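I opened a new notebook page for this structure.

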Amino acid sequence: MGKVTMTVNGKSRTAEAEGRTLLVEWLREGLRLTGTHVGCDTSQCGACVVHVDGAPVKACTVLAQELDGAEVRTIEGMADADGSLGTIQQAFQDYHGLQCGFCTPGMVMSAASLLEENPKPSEAEVRHYLEGNICRCTGYHNIVKAVMAASGQEVAPVAAE
Amino acid sequence: MYDFELLKPATIDEAAAMLAEGDAQALGGGQTLIPTMKARLAQMDRLVALSGIDAIRGVCTDDDGRICIGGGTSHATVAREYAKSYPALASLAGRIGDPAVRSRGTIGGSLANNDPSACYPAAALASNATIVTNTRDIGADDFFQGMFTTALEEGEIITEVRFPVPEKAAYEKFIQPASRFPLVAVFVAKFADGVRVAVTGASSDGVFRWSEAEQALSDDWSADVVAGLAAPGAEGMISDLHGDGAYRAHLVKVMTARAVKGAV
């Protein structure tokens, strides 16, 4: 056991971690930030995606102790300063980009990374970037529409693929 | 995951000393090893994380014009840095797994693991790369020694990979959509003194060079010449529910022709 400190959503946070403690466990159990979900626990579904030093990372596939001193952003850090939904979150609501909502935290974090790298992606680019985020409700079309809307682009009435 | 002690060396020498003692294993980006440990398919007393060693992260070009990639460099960095100077390599790196995997996964980890369906071994073998470790330089032809097997000794760490840049190259991947690993993928690289063709995903011996295609393409660089070749033998090809050996052998030929056609 050792103490691990990271800047999480702008605030310095400290919690215990064993060598084997995963980032997602440290966030959920150590900090009680339960917005980051564990979907598959086999590194395939992307529900646990958070940003580490600005890059998307599967929080279930990285060890907390390795990230001592890192800057982390989770879904809890995606709302606007006044507590209202951020642009991407609002677009997910507007375009019905979630059904059961379990994959949504990861989808929103991946979408945020995409729009930072590529502010006006094509629909194909959105689909390619979200390849590592699985929605078991299979609501992909509306997720893609939400990301297109969040980027300020026109949203096709019917998804292409 | 079974319990272990996590060690975080800051230098290669520290890491090598930690790996030399007892039951220790190096951790690169962890995108294969951590899932393997979570499934309790791997366990060790001590895990030596290489992610804190700044000296093995980053890219540069050497005096011979070779591009040099630190062993701890992420796929995302390679995809970004080489989009212009070695587009085939950047394209390969930018299609490994998904964006989150590419943030953490490293070239050194991929090569050291030598998964028979990994992408990077094909680039290293086709480019005739040199794998530099903390003790020696190893040519790609000597490095890959079969499925999950390499020339690396216990505790040896990949510090850098040096790629000669070909005149033209391409990586064509027939993706297995569930895993996003190649079902079969081919990297072709055309150099002034000949063509190299490396195949991943197909053989149960891991990455290999398709020498018949190399000879034919060295004489005549065209997709048509590949069409005229017999596919490599189905014997020794991986056969599973995703595709039998004959299917994979056929894909080798198809992917090679596409790679030649698309080479830049």
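What order do the five strands of the open sheet in chain A have? I noted first that I am working with a predicted model. The order I found is 2-1-5-3-4, and the pairing is mixed.

**Edges.** I looked for strands that pair on one side only, and found strand 2 (11-17) and strand 4 (55-58) of chain A.

**One strand pair.** I followed strand 1 (residues 2-8) of chain A to strand 2 of chain A. Seven bridges join them, and they run antiparallel. In this pair I picked out A:Thr7, which stands opposite A:Ser12 in strand 2 of chain A.

**Helices on the sheet.** Helix 1 (residues 23-30) of chain A packs on the sheet and touches strand 1, strand 2 and strand 3 (49-52) of chain A. I noted about 105° between the direction of helix 1 and that of strand 2 of chain A. Helix 3 of chain A lies across strand 3, strand 4 and strand 5 (71-73) of chain A. Helix 3 runs at about 40° to strand 3 of chain A.

**Helix against helix.** How do the axes of helix 2 (residues 87-94) and helix 3 (residues 104-117) of chain A cross? They come within 10 Å and cross at roughly 125°, so I logged the two helices as oblique to each other. The crossing is right-handed. From helix 2 of chain A, the contact is made by A:Ile88, A:Gln89 and A:Phe92. Helix 3 of chain A brings several residues, among them A:Met107, A:Val108 and A:Leu115.

Note on methods:
Residues numbered from 1 in each chain as written. Chains lettered and ligands numbered in written order. Predicted model: local features only at pLDDT ≥ 70, side-chain atom pairs only at ≥ 80, totals over all residues. Heavy atoms only, no water. Axes fitted to C-alpha atoms, helices over the stretch in contact; angles between N-to-C directions. Helix = DSSP H or I, 4+ residues; strand = E, 2+ residues; numbered from the N terminus. Parallel < 35°, antiparallel > 145°, perpendicular 65-115°, else oblique. Left-handed = near helix turned anticlockwise from the far one by under 90°. Contact = heavy atoms within 4.5 Å. Pairing = 2+ DSSP bridges.
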